[in-house]
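Please look through the sequence and the structure shown here before reading on.

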Amino acid sequence: MSLSVKTPGWLDWHPWPAKPVLQLPEGAVDAHCHVFGPAAEFPFAAERKYTPCDASKQQLFALRDHLGFSRNVIVQATCHGADNRAMVDACKTSGGKARGVATVRRSITDQELQELHLAGVRGVRFNFVKRLVDVTPQDELQEIAERIAAWGWHVVVYFEAQDLPELWPFLRRLPTPVVVDHMGRPDVGQAADGPEFGMFLQLMHESDNLWCKVSCPERLSLTGPQALHGERRAYQDVVPFARRVVEAFPSRVLWGTDWPHPNLKGHMPDDGLLVDFIAQIAPTPALRHQLLVDNPMRLYWPEEA
Ligand SMILES: O=C(O)c1cc(C(=O)O)oc(=O)c1
């Protein structure tokens with residue numbers, strides 16, 4: 001795969017997002033976003049499944065300020081494999097306003113883990129989405145989870161709803177807090193109170209250590225409307241799913257923009273309108289304070305929470 005040729009159909013992040021109408025609470029955290037490269041400085045991994053556009057830390061921090069967030073949690077994107085340099089560089093130069101989630105292999109040394117911790121990393125990501133990665137065997141992941149538990153870190157998992165039954169025992173065994181990306185990617189064509197999403201909610205009920213990112217409506221939505229052209233009540237079909245989780249587990253939910261939105265080919269949302277989506281899923285100031293401030297601070301800046 002060539003270094004600089006974007007994957008066909010790739011949509012670049014929105015260049016001039018609206019100002020959100022929703023006033024975010026003081027200290028709000030964008031708890032899921034990425035940096036891509038820039039490729040000239042931080043080349044993408046040889047084993048990547050897609051080649052994105054560049055999305056630098058400066059561009060991420062400008063978006064943070066524009067949208068009204070105070071901090072970022074930068075999640076290692078799969079296009080960088082287990083080379084965490086771009087994410088680490090962004091965390092280190094953020095003036096304490098960014099923390100990170102890394103991808104590591106079992107060969108990582110204790111000293112490397114310590115360096116990641118000092119840079120601001122507080123979690124590792126395990127990815128089970130086959131279009132994004134060659135999935136790592138569970139025994140290797142378990143070993144990594146046990147090592148990072150000693151650092152007080154947590155595990156972030158990305159999987160698709162149909163894989164939950166198979167992953168269930170593994171998720172239950174993890175010794176750390178476990179954060180599920182993008183609600184475990186439910187099929188929102190099914191009912192929010194139907195069996196598929198019910199299984200995910202049951203896992204949350206049974207596992208006090210399980211957290212959920214109620215993010216990525218733009219990926220999950222089938223019928224929109226899209227967060228574009230001033231639409232401030234976007235992705236109506238995702239609302240019942242996210243709202244259920246927020247209301248049932250208000251102290252174990254996180255939200256993030258997912259900027260720069262890897263692998264979107266249908267439409268690229270306006271991030272300002274995406275922030276306004278939050279008002280639909282966390283309708284009260286108290287719920288929004290938990291979602292955007294209290295919860296991410298407990299997980300990523302516990303010394304300040
Ligand atoms: O659904 C995706 O394509 C996607 C990809 C990545 C990544 O490549 O890291 O991260 C995400 O949060 C979502």
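How many residues surround the ligand, and which of them are the closest?

## The shell around the ligand

In this predicted model, the ligand is surrounded by 16 residues, and the closest among these are Y50, T78, R125, R131 and Y158. When the residues of this shell are sorted by class, six of them are polar, five are nonpolar and five are charged.

## Polar contacts and burial

In the side chain of T78, an N or O atom is 2.5 Å from an oxygen atom of the ligand, while R125 has a polar side-chain atom lying 2.8 Å from a ligand oxygen atom. The side chain of H182 also takes part, with an N or O atom 2.9 Å from an oxygen atom of the ligand. The ligand taken alone exposes 330 Å², and the protein buries 100% of that area.

## The cavity

A search of the whole structure for cavities of 30 Å³ or more finds one, and the largest cavity holds about 110 Å³ of space. This cavity is lined by 14 residues, of which R125, L132, Y158, R219 and P262 are the closest to its centre. By class, its lining consists of five nonpolar, five polar and four charged residues.

## Confidence in the model

The chain has a mean pLDDT of 97, with 99% of its residues reaching 70 or more. For the model, the scores are ipTM 0.99 and pTM 0.97.

Note on methods. Residues numbered from 1 in each chain as written. Predicted model: local features only at pLDDT ≥ 70, side-chain atom pairs only at ≥ 80, totals over all residues. Heavy atoms only, no water. 1 Å grid on protein atoms, 1.4 Å probe; cavity = no way out; pocket = protein on both sides within 12 Å on 5 of 7 lines; lining within 4 Å. Points joined across faces, edges and corners; volume = space filled by probe spheres on them. Nonpolar A, V, L, I, M, F, W, Y, C, P; charged D, E, K, R; others polar. Near = heavy atom within 4 Å. Polar contact = N/O pair within 3.5 Å; in protein donor to acceptor, adjacent residues only side chain to side chain. Areas by Shrake-Rupley, 256 points an atom, 1.4 Å probe, with all protein chains shown as cover. pLDDT = per-residue confidence, 0-100.
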